[in-house]
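I opened the notebook to record helix packing, sheet order and a few loop residues. My entries follow in the sequence I looked things up.

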Amino acid sequence: MADVKRVYTFGNKEAEGNGKMRELLGGKGANLAEMNLIGMPVPPGFTITTEVCTEYYAHGKDNVVELLRPEVEQAMHNIERLTGMKFGDKDMPLLVSVRSGARASMPGMMDTILNLGMNDQAVEAVARRTGNPRFAWDSYRRFVQMYGDVVMGLKPVSKEDHDPFELLIEEQKEKRGVTNDTDLTTDDLRELVAKFKEAILRQTGEEFPTDPWTQLWGAVCAVFGSWMNERAILYRKLNNIPAEWGTAVSVQAMVFGNMGDNSATGVAFSRDAATGENLFNGEYLINAQGEDVVAGIRTPQQITLEGSHRWAKAQNIAEQERRTKYPSLEEVMPDVYKELFAIQHRLEEYFTDMQDIEFTIQDGKLWMLQCRNGKRTGAAMVKIAMDMLREGLIDERTAVLRCEPAKLDELLHPVFDKEAMKRAEVIVKGLPASPGAATGPVVFFAEDAEKLLAETGRKAILVRIETSPEDLKGMLDAAGILTARGGMTSHAAVVARGMGKCCVSGAGELLIDYKARTIRVNGYTVREGDWISLNGSTGEVYLGEVATKAADLSGDFARLMELAAKYSVLKVRANADTPKDAAQAFAFGAEGIGLCRTEHMFFEGDRIRAVREMILADDEAGRRVALAKLLPMQRGDFEGLFKVMNGYPVTVRLLDPPLHEFVPHEEKEQREMAAEMNVPFEKIVAKVESLKEFNPMLGHRGCRLGNTYPEITEMQTRAIIEAAMNVRAGGVPVHVEIMVPLVGNHKELRYQKEIIDRTAETVFTERNDKIDYLVGTMIEVPRAAVTAHQIAEVAEFFSFGTNDLTQMTLGFSRDDIGKFLPIYLEKGILKNDPFQILDRNGVGQLIREAVFKGRGRRENLKCGICGEHGGEPSSVEFCHYAGLNYVSCSPFRVPIARLAAAHAALNQK
């Protein structure tokens, strides 16, 4: 263990690491090294590897500190050599920042500490050296606040309480009669440092550490500890980031944006992260440090003049006021702005992706603190990829791979109807931080958003003064986010864009009262539970609910789908039961229907009565009378589907659920059914009782129904064949596939196929015409997969019903798994929910075996899946590798599946 290199240094355009070492150095550490190597102005520092994070959890804090100590001390000497300062020195104290950095970007999820090394001696030395005592004490105040929060755990007691440090700052401002933090004097800041330390001692029982090395080890271990904090765990779960990756820790010499009016800090993007527009943009604060910008405590100013003009227009601020009170960095520090513009342009060209950069200006000199591929909305993702393709910066394959399939979901959501917006009442306007349309009841706390969704299935609008990383779960469960503070680069804005969540930030006119749970703004009072609507594209907030409509998916989205079709091998079909669903799927590019569930057609109007008549019938003759009533209804449904799909294959699954699902189980409804059907109530009760099963999922359903009551299969086959012939007669091509469900034994399928073929021949004779059709089966019973060679003698196609196949293979009930799934995920027994992401090692192996055996018997056997796994990107990838012909999913997941299929093909090449 002692021979392993754990620390990598960088500085003065040299680095021991590079940009390709993300797994070891994390994204931040790798990019800091790479920026050094390409000559960017980066403060010197060192990165502790992600492997040490693993050691931290395996061996504990004390062992890891002893392992690290020699290398860290040597690396600190390197910073001292490059800066001319010394860590812990009384006269020339070196101050450092300590930041996290996993290989995947996790903005705001882990902890950062600035100005580390400050104590009562260092603050005086900094004041003497800079001739700026206010700056020195402001830096000390910030350090005690961050360290007290992150390392020593001084946090709000309850959700209604404000940050204890911010409360002390507000008290001090009120005492001095000032509004802004920057108006506090040196004496005020000195007083705050003392009050902060008193508060830490009072609440934690620990003295604030004064030794810089003690501070450093506390901070490094706190960053490693934050890898397993609640918000980081949730973020990893949402973004499929493995816990075993760990985080690196980067320690860097401090540069200061809070030294006065010639210093600043900021965050910028080489393109618009919300819309994808090719426009350099970002925000900065004069006389501030980096956390001020992202925390949203002060609303920052725009970096570019163009951005400043747009911001002022959105906020209804006159040009004169903008220029004097809120000037852009381009106006205030034109030379620094030119250097920053050149650097962002070079970084984007170098990394060939949109860059998210953090910078500090110290006494007029620009320093780069971070660059990374920027988080972006789904719309921005598509536009940036297509723009960069047109610009020649990337090729077609890269453009396709650059777009995450799951993020396409954001583009498919409804937008506000323009006519409804004309009538909408605007109550306030903020910054359009993340586009989209959101409407819902107001809640003020993240856990209330979670609770509302869990209890009612309804998504709320989460309203906060500003969000913090602790709000992550509530932000995820909300329909949209509204904040009073913060700019376009605040925590709320960055996280919302990463989630594809609608967000309006910096609506400064909002007066939010957490205890009263009210918003007061422009004469309106909005209480918890009242509905509001957010327009994340304009920043407008409307009173009440505003109607929505389907999004427009032309332009760049259509071009991306063309490229996906060009490179994918796997076809994508849709699960659709109505012409409306089929038309939607076809519009999204579905190449057929992979699953039409005929039972879904039985629940409307007169149909359910006919179904119940069939169930109540005492003999086959009675059942046939009822089925004759259903025949024209089913035929009409199938005609609609065949017309919409215009020659693409339509796979119709015969009746699958047990008959008890079609009858009422409550006495009140049973009496209504008896009255409506003019039969004795007792007969209804007796029939319902006779249909009861101990385990309906494994009971009298699927092909067992068809083999028990052949007349059901006959009626459905006739409806399908007649509909296909009627549509073809109208000049529309048809491609019919009849699917028999729940087969576990090849004999079950043989009986069903005989009925289907006999019925089809009868129709052909009646009409003196023929039509081609295929008969296949749904592989959802493990025995069917194992005996696929026998089933393939009869079946002309396989469709894997992965919902039931997962239940039967794992022995998990989909309806009951919620009772233990969270514990299984937490303990690592399961890596994912197997009903969302296909279980490759179990269910996946059955699919592979069935495909291999089936095609061994029938060489051209067509194989697909029709469970909801068909729209999940990693499951689609598996289906490509398993050699399936298609996946089928719900209509709104068709574009996701199409892009995932292209990814699978390109990654395989």
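At what angle do helix H28 and helix H29 pack, and how far apart are their axes? I worked on a predicted model throughout. I found H28 (residues 710-729) and H29 (residues 746-767) packed at about 45 degrees, with 9 Å between the axes. That angle makes H28 oblique to H29. I noted the crossing as right-handed.

I then listed who meets whom. From H28 I have Pro710, Thr713, Glu714, Thr717, Arg718, Ile721, Glu722, Met725 and Asn726. From H29 I have Gln752, Ile755, Ile756, Arg758, Thr759, Ala760, Thr762, Val763, Phe764, Glu766 and Arg767. Sorted by class, the contact of H28 with H29 holds eight nonpolar, six polar and six charged residues.

**Entry: H5 and its partners**

I moved to helix H5 (residues 133-150) and helix H7 (residues 186-204). Their axes come within 8 Å and cross at roughly 20 degrees. H5 is therefore roughly parallel to H7. The crossing of H5 past H7 is left-handed. On the H5 side I wrote down Pro133, Arg134, Trp137, Asp138, Tyr140, Arg141, Val144, Gln145 and Gly148. On the H7 side I wrote down Thr186, Leu189, Arg190, Leu192, Val193, Phe196, Lys197 and Ile200. I count the classes for H5 with H7 as nine nonpolar, three polar and five charged.

Which way does H5 run against helix H6? I looked up the angle for H6 (residues 164-176): about 150 degrees to H5, with the axes 10 Å apart. Because of that angle, H5 is roughly antiparallel to H6. Arg141, Val144, Gln145, Gly148 and Asp149 of H5 meet Phe165, Glu166 and Ile169 of H6. That contact of H5 with H6 divides into three nonpolar, two polar and three charged residues.

**Entry: the six-stranded sheet**

In what order do the six strands lie? I read S2-S1-S3-S6-S4-S5, an open sheet with antiparallel pairing. Strand S2 (14-15) and strand S5 (112-116) are at the edges. Each has a single partner strand, so one side of each lacks a neighbour in the sheet.

Inside the sheet I checked strand S4 (residues 96-102) against strand S6 (residues 247-253). Seven bridges join this antiparallel pair. Arg99 stands opposite Ser250 of S6.

Next I asked what covers the sheet. Helix H1 (residues 22-37) packs on the sheet and touches strand S1 (7-11), S2, strand S3 (45-48), S4 and S6. The direction of H1 makes about 120 degrees with that of S4. Helix H8 (residues 212-226) lies across S3, S4, S5 and S6, at about 145 degrees to S6.

**Entry: Thr49**

I found Thr49 in the loop between S3 and helix H2 (50-59). Is Thr49 buried or exposed? Its relative accessibility is 0%, so Thr49 counts as buried. Leaving out residues up to four places away in sequence, Thr49 touches Lys5, Arg6, Tyr8, Leu24, Leu25, Phe224, Thr247 and Ala248.

How many residues of strand S8 (residues 281-286) are buried? I get six of six. Both faces of S8 are covered. Asn281, Glu283 and Leu285 are buried on one side, and Gly282, Tyr284 and Ile286 on the other.

I then traced the partners. Strand S7 (residues 264-269) pairs with S8 in the antiparallel sense over six bridges. Ala264 has Ile286 of S8 as its bridge partner. Strand S9 (residues 301-302) is joined to S8 by two bridges, again antiparallel. Glu283 stands opposite Gln302 of S9.

**Entry: Asp833**

Where is Asp833 found? I located Asp833 in the loop between helix H33 (821-827) and helix H34 (843-857). With 16% relative accessibility, Asp833 counts as buried; the cut-off is under 20%. I looked up the C-alpha separation from Leu821, 12 residues away along the chain, and noted 7.2 Å. Beyond residues up to four places away in sequence, Asp833 touches Ile817, Leu821 and Leu825.

Notes
Residues are numbered from 1 along each chain as its sequence is written. This is a predicted model: local features need pLDDT of at least 70, side-chain atom pairs count only at pLDDT 80 or more; totals for chains, interfaces and linings use all residues. Side-chain values use heavy atoms; hydrogens and water are left out. Axes are lines fitted to C-alpha atoms, for helices over the stretch in contact, and angles run from 0 to 180 degrees between N-to-C directions. Helices (H or I, at least four residues) and strands (E, at least two) are DSSP runs, numbered from the N terminus. Angles under 35 degrees count as roughly parallel, over 145 as roughly antiparallel, 65 to 115 as roughly perpendicular and the rest as oblique. A crossing is left-handed if the near helix is turned anticlockwise from the far one by less than a right angle, and right-handed if clockwise. Contact means heavy atoms within 4.5 Å. Ala, Val, Leu, Ile, Met, Phe, Trp, Tyr, Cys and Pro count as nonpolar, Asp, Glu, Lys and Arg as charged, and the others, Gly among them, as polar. Two strands pair if DSSP finds at least two bridges between them. Buried means under 20% relative accessible area, exposed over 50%, partly exposed in between (1.4 Å probe, protein chains only).
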